[in-house]
Amino acid sequence: MKNTIKIERARHNMTQQDLAEKVSVSRQTINSIEAGKYVPSTVLALKISQVFSVSLEEIFQLEEGD
């Protein structure tokens, strides 16, 4: 699964730690999601999209084969 979290964080001048605190996870979790090593739960994905005020589809995209 691809995502644009890093881009959204930059647009909002937010660090991984800032985002992690807003969605109640560790910075390492945000890092793993950005790197594509971890697929977030539906609840976490919704929380992330709410922080940036965008739809899930704007942040998360399926890659071919997902």
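This is a predicted model: local features need pLDDT of at least 70, side-chain atom pairs count only at pLDDT 80 or more; totals for chains, interfaces and linings use all residues.
## Helix 3 and the chain around it

Let's start with helix 3 (residues 27–34), where I30, I33 and E34 are buried. Viewed down the helix axis, these buried residues fall within an arc of 100 degrees, so they line one face of helix 3.

**Around helix 3**

- After helix 3 comes G36, which has a positive phi, near 80 degrees.

**Overall fold**

- The chain has 5 helices and 2 strands, and along the sequence they follow the pattern β-α-α-α-α-α-β.
- Among contacts between residues at least 6 apart in sequence, 55% join residues at least 24 apart.

**Size and burial**

- For 66 residues, a compact globule would have a radius of gyration near 11 Å, and the chain agrees, with 11 Å.
- Along the principal axes, the C-alpha atoms fill a box of roughly 30 × 20 × 20 Å.
- Of the 66 residues, 33% count as buried.

**Surface and charge**

- The accessible surface of the chain is about 4,300 Å², and carbon and sulfur atoms account for 47% of that.
- There are 8 positive and 9 negative side chains, with the centres of the two sets 7 Å apart.

Conventions:
Residues are numbered from 1 along each chain as its sequence is written. Side-chain values use heavy atoms; hydrogens and water are left out. Buried means under 20% relative accessible area, exposed over 50%, partly exposed in between (1.4 Å probe, protein chains only). Helices (H or I, at least four residues) and strands (E, at least two) are DSSP runs, numbered from the N terminus. The arc is that of the directions from the helix axis to the C-beta atoms. The radius of gyration is taken over C-alpha atoms; the globule rule is 2.2 Å times the number of residues to the power 0.38. Contact means heavy atoms within 4.5 Å. Accessible areas come from the Shrake-Rupley method with a 1.4 Å probe; for residues, only the protein chains shown count as cover. Lys and Arg count as positive and Asp and Glu as negative; His and the chain ends are not counted. The place of a charge is taken as NZ of Lys, CZ of Arg, CG of Asp or CD of Glu.
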